Amino acid sequence: MKIKDVHLKDLLEIHEDTAKLMLGSTRMVIMPADSIGELMEFIMQISDENMLEMFFYRMGEHAGQHDAETLKRDFSPDTLEDWLAMGPAIHSGEGIVHAKPEVMEVDPDNGHFLFKGVWENSFMAEQWLDRIGQVDHPVCTLLTGYANGYVTKIMGHEVEARETACIAKGDDVCRFEIRFKEEWD
Ligand SMILES: [Zn+2]
């Protein structure tokens, strides 16, 4: 499958006999974004921001790893680049964020990897601003975790995804940048 053919609404199947919503062999669920915001606020009340970030990063990382496996197994990406681009496309289809990749440089033989772009309308940043308010650092840890898990699973090499701009700290858009871990410094 090529990236241009990846539209989540066409790939999902609703099994009305079992009430299961399936993406290939993976069961999906839909819930209100506001309910996830409620969970964020609740974690802040009973613990702290560090705990909130850890929970959402880990959930995102797992989802990214899982999506990478599902897409490879059930939708056979034509190329490595198609496979890499499917993650942002699926994340956009899920309504989590409007992910717009801008640069993709894949050259593992020479130890180089760069994938970066814009995250528009991050629901996590919107919920954060509504419920917690503006802060001085990026907050979209669900997205950063997803990017990390997704790309690490595909490349078989540890990467680090960073959110380099975030509307929750006053930037115009959120921005992501993923590199091989050793390439960051
Ligand atoms: Zn953000």
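Helices here are DSSP runs of H or I with at least four residues, strands are E runs of at least two, and both are numbered from the N terminus. This is a predicted model, in which local features need pLDDT of at least 70, side-chain atom pairs count only at pLDDT 80 or more, and totals for chains, interfaces and linings use all residues. Residues are numbered from 1 along each chain as its sequence is written, and side-chain values use heavy atoms, with hydrogens and water left out.

**View 1. Gln 127 sits in helix 5.** With 9% relative accessibility, Gln 127 counts as buried; buried means under 20% relative accessible area, exposed means over 50%, and partly exposed is in between (1.4 Å probe, protein chains only). Setting aside residues up to four places away in sequence, Gln 127 touches Ala 33, Asp 34, Gly 37, Met 40 and Ile 132. A contact here is a pair of heavy atoms within 4.5 Å.

**View 2. Glu 41 and Arg 131 join up in a salt bridge, at 2.5 Å from N to O.** The pair ties together parts that are 90 residues apart in sequence, since Glu 41 lies in helix 2 and Arg 131 in helix 5 (residues 123–131). To count as a salt bridge, a side-chain nitrogen of Lys or Arg must be within 4 Å of a carboxyl oxygen of Asp or Glu. Glu 41 is partly exposed at 26% relative accessibility, and Arg 131 is partly exposed too, at 23%. Look around this pair and you find a network of salt bridges linking Asp 34, Glu 38, Glu 41 and Arg 131.

**View 3. Two further salt bridges, one from Lys 4 to Asp 5 and one from Glu 177 to Arg 179.** For Lys 4 and Asp 5, the closest N and O atoms are 3.4 Å apart. Lys 4 is exposed at 59% relative accessibility, while Asp 5 is partly exposed at 37%. Glu 177 and Arg 179 meet at 2.8 Å, N to O. Here Glu 177 is buried at 13%, and Arg 179 is buried at 19%. By the rule used, the count comes to 15 salt bridges.

**View 4. Phe 56 is one of the residues with the most contacts inside the largest nonpolar core.** A nonpolar core is a set of buried Ala, Val, Leu, Ile, Met, Phe, Trp, Tyr and Cys residues joined through side-chain atoms within 4.5 Å. This core has 47 residues, and Phe 113, Trp 119, Tyr 150, Val 151 and Ile 178 are also among those with the most contacts inside it. Helix 6 provides the largest share of the core, eight residues. Leaving out residues up to four places away in sequence, Phe 56 touches Ile 36, Leu 39, Met 40, Ile 43, Met 124, Thr 141 and Leu 142.

**View 5. The structure holds one cavity of 30 Å³ or more.** Rolling a probe the size of a water molecule over the atoms shows where empty space is left. On a 1 Å grid over the protein atoms alone, a cavity is a set of points where a 1.4 Å probe fits but cannot get out; a pocket is an open set with protein on both sides within 12 Å along at least five of seven lines; and lining residues have an atom within 4 Å of a point. Grid points are joined across faces, edges and corners, and a volume is the space filled by probe spheres set on the points. The largest cavity has about 120 Å³ of space. Its lining has 14 residues, with Gly 87, Pro 88, Trp 119, Tyr 146 and Ala 147 nearest the centre. Helix 6 gives the most to this lining, five residues. By class, the lining of the largest cavity has 12 nonpolar, two polar and no charged residues; Ala, Val, Leu, Ile, Met, Phe, Trp, Tyr, Cys and Pro count as nonpolar, Asp, Glu, Lys and Arg as charged, and the others, Gly among them, as polar.

**View 6. The largest pocket has a volume of about 850 Å³.** Of its 28 lining residues, Met 28, Val 29, Ile 36, Glu 94 and Ile 96 are closest to the centre. Helix 3 supplies the largest share of the lining of this pocket, six residues. Sorted by class, the lining of the largest pocket has 17 nonpolar, eight polar and three charged residues.
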